[in-house]
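Trainee: I'm new to this one and would like a quick tour. Can we put it on screen and start with the pockets?

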Amino acid sequence: MKSMASSPPDQLFGVRNSFYVGAYQAAITSSQSLPAHDLSPDDLLERDALLYRSYLAIGSHQLVVNEIGPSAATPLQAVKLLAVYLSGDAANKESVVSRLQDLLGDPAVGSNPILRLMAGTVFMHERDYAEALKHTNSSPAGTMELLALNVQIYLQMNRADHAEKQLRVMQQLDEDHTLTQLANAWVDLAMGGSKIQEAHLIFQDLSDKYPTTCMILNGKALCSIHMGNFEEAEALLLESLNKDAKDAETRANLMVCSLNLGKPATRYLK
């Protein structure tokens, strides 16, 4: 094993973690402040992918479509395809799926992890879970993001048992990784019971380490909802709503809280 001294500094560590916890504006600012000459070609590509994925996460789909040109590398083209998919009509979605299938079938680029991640995300949106897993599970060995996406897919399939197996793989690779912690919390929430308290501790730990985001606040609120603490959950969700008034997950969870507290929920249906 290499010593810490012999490993070059990970220039993208902060950008990645901001993206993982939902601090998308921080990820955008950090990625734009990284000088290109300090990054390897692979890091440069990953930086740009994280930048554009952060723009997608805040709803700036057209910006991504406009800025990624036809000569951009395949991973960025895959991010652009996700942008088109998220912003387009049914015909656009069909063309995105078809184009992704073509890229995935190309031996020269089909194994690229960013391409597989974008494809898995699109197929998950399509509820074509078998097709999603075909690409997120395929060799070479998956990245932490691909493994985390597998966890999400299995949870959407109501297969917490398979999600837990994926989590074990992540824990063996890097137990302290932010995505491992998040995946652990997702699985705990799905399993319920005494696991809810463990999920709450994970979200609390993340909120101590990182800026408080809608993602973290919703995670803590979901734990409170599961434990029947609706007033506590409502306070967390109102804080989240102040950060992003358009966040769909926050609004959906606020409706649940309002109904359980006997308050009108229609205000969150806009």
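Trainee: What classes do the residues lining the second largest pocket fall into?

Mentor: The lining of that pocket divides into 10 nonpolar, three polar and six charged residues. Here Ala, Val, Leu, Ile, Met, Phe, Trp, Tyr, Cys and Pro count as nonpolar, Asp, Glu, Lys and Arg as charged, and the others, Gly among them, as polar.

Trainee: Which elements give two or more residues to that lining?

Mentor: Those are α1 (13-20), α3 (41-57), α7 (113-125) and α9 (144-156). α3 gives the most, with seven residues. Helices are DSSP runs (H or I, at least four residues), numbered from the N terminus.

Trainee: Before we go on, what kind of model is this?

Mentor: This is a predicted model: local features need pLDDT of at least 70, side-chain atom pairs count only at pLDDT 80 or more, and totals for chains, interfaces and linings use all residues. Residues are numbered from 1 along each chain as its sequence is written, and side-chain values use heavy atoms, with hydrogens and water left out.

Trainee: OK, how much space lies in the largest pocket?

Mentor: About 1900 Å³, while the second largest pocket holds about 360 Å³. A pocket is an open set of points on a 1 Å grid over the protein atoms alone, where a 1.4 Å probe fits, with protein on both sides within 12 Å along at least five of seven lines; lining residues have an atom within 4 Å of a point. The volume is the space filled by probe spheres set on the points, which are joined across faces, edges and corners.

Trainee: And which residues lie nearest the centre of the largest one?

Mentor: Tyr24, Ala57, Gln152, Met215 and Glu249, out of 45 lining residues. By class, that lining has 26 nonpolar, 12 polar and seven charged residues.

Trainee: Back to α3. Which of its residues are buried?

Mentor: Arg47, Asp48, Ala49, Leu50, Leu51, Tyr52, Arg53, Ser54, Tyr55 and Leu56. Buried means under 20% relative accessible area, exposed over 50%, and partly exposed in between (1.4 Å probe, protein chains only). The buried residues of α3 pack against α1, α2 (24-33), α4 (61-67), α5 (74-87), α7 and α9.

Trainee: Where do they sit, and are they buried or exposed?

Mentor: Arg127 is in the loop between α7 and α8 (129-136), and it counts as exposed because its relative accessible area is 64%. Asn158 is in the loop between α9 and α10 (160-174), and is exposed too, at 68%.

Trainee: New topic: what does His200 touch?

Mentor: Leaving aside neighbours within four places in sequence, His200 is in contact with Lys220, Cys223, Met227 and Glu232. Contact means heavy atoms within 4.5 Å. His200 is in helix α12 (residues 195-209) and is buried, with a relative accessible area of 15%.
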